[in-house]
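Subject: Structure for you to look at

Hello,

Here is the structure I said I would pass on.

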Amino acid sequence: MVTLDLRHVASPAVRDLLHLVNHPDFDRAQQQIERLGGCTEPVRLTGHTTTVDSATGEVLRSYTSSAEPTGSLLTTCGNRRASRCPACSRIYAADTYHLIRAGLSGGKNVPDTVRTHPRVFATLTPPSFGPVHNRLTTPGGDIRPCRCRKLHDPTDAQIGTPLNPATYDYAGAVLFNAHASALWARFTTYLRREIAARLGMTQKAAHAVLRISFAKVAEYQQRGRVHFHAVIRLDGPDGTSQPPPPYATVTVLTDAVRAAAARVRVTVESDAVGERELGWGEQLDVREITAFGTGAEFTDQAVAAYVAKYATKSADASGALDRALFCRPCQGRGATLLPHGTPLPCTACDGTGQAGPLPRLAVARHVRQMIRTCWELGRLPEFAHLKLRKWAHMLGFRGHFSTKSRHYSTTLGALRDARRAWRTEQARTHAGMPDLDPTTTLVVGHWDYLGSGYSAGAALLAARVWHSKELERQFAAEGGC
């Protein structure tokens, strides 16, 4: 055991690390942290579990969290945001990649014949709410001056921000983000109608001979507005196991996507902002997805990797925040109500309804104004259902970042179940019970949530684990053995 005088160690994190290293059961603590693979915000659980032979009642294995050096069991947080947990977001991206890829080229209980079905990659963008700084290029690839008469660098923070913030339609931009999911839902409805019309059928007749399957992911533009990337595929009536009829071609699908996107409208009425008609922007991109190995840009593998990359991003990719500003004690109202209905200012947020002062947020001015607009519109009764204050850190968007239709391919749950089964088998082998039959055993346990995160010293160990794994990945990517 190493004995040091910790009074001369300045950093609290280093002092905590030395305490942990000198713990009699440090090897077990290190094993727990390494098993998490560099997760930055693990969940701490306290409780116990017992594995019993259901036939004989014999206790085969018993575990309690109090036996751990830290007194708790650590599990991964599972956060999909790369800004919150790079380790868990990498797993989420890998799962999303396999989910998208299975719907394009087969695998994961999806037949390989699905690669012959018509499929396109569509990008639906928001409309313009005012001129912004851009890095423009000529057809020959030369850089053109922006409207501000400057040549912006690719990393210029001004790109995507309004040329004139005073005239930029911030209310419209926030309301578009808030209604983006509704716009997508209407797009899928119109898409079915447009395909049926192009085939000269009723919707009922078209549904009897083909099915539309899709998977989409949301991405934030630099200007803080959401747009969608979607894989859209035509199947037979039974889904992936059956091709659509020969007359349901890629051309029919492409034309229907363009027509459906142009039809989508959502009307918003408010005395404060007037009547707004929201829809998709004119920059609609629809391209056929080809098979891997054809040399084309949009192959099934390339599209799957592209979608998976954006599945782990959030509003922070546009310079915004990845944590809520919404005050939970007062539910964002700025005041709590006593039993007789008298408002009482919230002590947690000083009556403002927000978790922190907006002027102090470490974000760009454009993003801060988007958040402020969410906060101002969120107090209006006609926008209460949008929960703009709760989702101000997401610039008003409250939908799921990654969604799919029921019959597109496998599910994230199925992928996680397979990984969980594999890990359970590994744990049985490590515990000396490889022949344990799960159908004849009973696992009884009770677990309570204790908290999240590491101690300061354990966080240093977790950072080392993540750094080591990143070096291994880089070495493998460069062709190392």
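Arg198 is partly exposed, with a relative accessible area of 38%. Its salt-bridge partner is Glu194, and the closest N and O atoms of the two are 2.5 Å apart. Glu194 is buried, at a relative accessible area of 11%. Both residues belong to helix H5 (residues 180-198); because they are 4 residues apart there, about one helical turn separates them. Please keep in mind that this is a predicted model.

In total, the structure holds 13 salt bridges. Another one joins Arg84 and Glu41, with 3.6 Å between the closest N and O atoms. This pair links distant parts of the chain, as the two residues are 43 residues apart. Arg84 sits in the loop between strand S3 (73-75) and helix H3 (86-105), while Glu41 sits in the loop between helix H2 (26-35) and strand S1 (43-53).

Is Arg84 buried or exposed? Its relative accessibility is 17%, and buried means under 20%, so Arg84 counts as buried. Glu41, at 24% relative accessibility, counts as partly exposed.

A further salt bridge is formed by the side chains of Asp235 and Arg233, at 2.7 Å from N to O. Both Asp235 and Arg233 are buried. Salt bridges can also share partners: in this way Arg90, Glu470 and Arg473 are joined into one network.

Regards

Definitions and conventions
Residues numbered from 1 in each chain as written. Predicted model: local features only at pLDDT ≥ 70, side-chain atom pairs only at ≥ 80, totals over all residues. Heavy atoms only, no water. Salt bridge = Lys/Arg side-chain N within 4 Å of Asp/Glu carboxyl O. Buried < 20%, exposed > 50% of the residue type's maximum accessible area, 1.4 Å probe, protein only.
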